[in-house]
Each structure stands twice: as structure tokens, then as C-alpha cells.
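Please look over the chain shown below before reading the briefing that follows. The points are grouped by topic.

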Amino acid sequence: MSEAATPGPGGVGGSGHPGLWELARTFNTISLASFGGGLSAWSREIVVMRRGWMTETEFLSAMTICRLLPGANQVNVAIFVGARMHGPGGAAAAVAGLIAIPFVIIVALCAFATRYQHVGAVQHVLAGLTPAAVALTLSMVWQTGRKTLRSMVPFALCVATTLAAAVLRVPLWATMLVLGPVGVFWSYRQPAPAHPGASG
């Protein structure tokens, strides 16, 4: 997506301050759209690009926080976004929308898979969805990376984190304990980002 496609407050056809029902309905859309994986990519696509509830930078910061906290990342994101909009009630609505229908679907599919797990067609269908999930994840990496990895330090930190996590299998807490302060120190020395509503 090009920079020109980035929506302003309210997003593409969305409202800047959704109600509880819209929060629940939106996170239900995210969960159902990400069948096969790519939940993070769909969260960004809908929350940032379509609804405009958060900027790219805000969403990336939220994802960073939610990945560092215990629990499922996307549940944490739903809590973060919902609480930002409507406090505890918004968090509850977003989480309910995220998990309610998928819960029913998973229970039904679990019963189906238990009965037909040895059928080749079922295994082929599930395996065929994997490339789409990988593509969605890579799409999010590309969209966020090209906007944040614009100098050597963040790029080097990204490479170091990837090597530590994917190659060396270093626990996340240890990686963040070493690289986190470096990133914070670098960010602290950078000019503060301009507020979207600031004039001049």
C-alpha cells in the first residue's frame, strides 16, 4: 500500500470513536478474516488502515508492548485497543468480539478433526492455507518495517533480534534485556515525532 492510501482519523469509512458494539463487531471481523493465521496483519489492516483508530506508529508500539506481556498477543492487542477507546468496557467488548465466534468454530472443528483427522483432503485444505498466512505476516513486516527501519541503528537492532530469536533461540526476555536498553537509549536521543494534529 502506498503512503497516499494511509487514512486519516476515522479511517476508510470508519468512525474515530467507535461504540462497544462496533468494537466487538470489528474484532470479530479481524478474527474471522484471519482464518489460517495472519491475525497481526489483519489487526493492522483493519485497526489502522480501514478504521483509522490508531496510527501506524501507535499500532506498532501497542504490538511491541503486547508481545512483551504475558498472554496471547492478539488478545492483548484487543484489550489495548478496546481500553483505549472505552476503558474496561471497551476491552471486554473487543476481547468478546475476538474470541466468541472463533471459540464456537474451534470447538466444532475440533470435533470434526477428531473424527476425520486421517482424511487426506482435510489435511490438504489446512496445509493449503499456510502460504496465505505466511504472506499476510510478511506483508505486515514489510508495511511496518519500511516506516520504522529508516536508519542503521533500528535496522541493526532488528537484525540482531531476528538472529537471537530465530537462529540462536535466545529467550525473548534475555534478548529484550540486552537489546531493549540500546533501542530505548537510541530512541530517547531522537527528535520527538510530530503530533498528527499539530499545526506548523
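**Briefing on the predicted model**

Leaving out neighbours within four places in sequence, Thr-175 makes contact with Thr-161, Ala-164, Val-170 and Gly-180. The structure is a predicted model, and Thr-175 belongs to its helix 7, which covers residues 172-188. Because its relative accessibility is 4%, below the 20% limit, Thr-175 counts as buried.

**Overall make-up**

- The chain contains seven helices and zero strands, which gives the pattern α-α-α-α-α-α-α when it is read along the sequence.
- Of the 200 residues of the chain, 30% count as buried, while the accessible surface comes to about 12400 Å², with 71% of that area belonging to carbon and sulfur atoms.
- When contacts between residues at least 6 apart in sequence are considered, 64% of them join residues that are at least 24 apart.

**Helix 6 against helix 7**

- Two packed helices are described by the angle between their axes and by the distance between those axes.
- The axes of helix 6 (residues 152-167) and helix 7 come within 11 Å and cross at roughly 175 degrees; since angles over 145 degrees count as roughly antiparallel, helix 6 and helix 7 are therefore roughly antiparallel to each other.
- On the side of helix 6 the contact is made by Val-153, Pro-154, Leu-157, Ala-160, Thr-161 and Ala-164, and on the side of helix 7 by Thr-175, Leu-179, Val-182, Gly-183 and Trp-186.
- Sorted by class, the contact of helix 6 with helix 7 has eight nonpolar and three polar residues, and no charged residues.
- Thr-161 and Ala-164, listed for helix 6 in this contact, are also among the residues in contact with Thr-175.

**Helix 1 and its cover**

- Helix 1 (residues 20-33) has 14 residues and reaches 20 Å from its first C-alpha to its last, which is close to the 20 Å expected at 1.5 Å a residue.
- The buried residues of helix 1 are Glu-22, Leu-23, Ala-24, Thr-26, Phe-27, Asn-28, Ile-30 and Ser-31, and what covers them includes helix 2 (39-50) and helix 4 (73-116).

**Leu-60 in helix 3**

- Leu-60 lies in helix 3, which covers residues 56-68, and with a relative accessible area of 24% Leu-60 is partly exposed.
- Apart from neighbours within four places in sequence, Leu-60 is in contact with Thr-144 and Thr-148.
- The C-alpha atoms of Leu-60 and Thr-144 are separated by 7.3 Å, although these two residues are 84 residues apart along the chain.

Definitions and conventions:
Residues numbered from 1 in each chain as written. Predicted model: local features only at pLDDT ≥ 70, side-chain atom pairs only at ≥ 80, totals over all residues. Heavy atoms only, no water. Helix = DSSP H or I, 4+ residues; strand = E, 2+ residues; numbered from the N terminus. Buried < 20%, exposed > 50% of the residue type's maximum accessible area, 1.4 Å probe, protein only. Contact = heavy atoms within 4.5 Å. Areas by Shrake-Rupley, 256 points an atom, 1.4 Å probe, with all protein chains shown as cover. Expected span 1.5 Å × (residues − 1). Axes fitted to C-alpha atoms, helices over the stretch in contact; angles between N-to-C directions. Parallel < 35°, antiparallel > 145°, perpendicular 65-115°, else oblique. Nonpolar A, V, L, I, M, F, W, Y, C, P; charged D, E, K, R; others polar.
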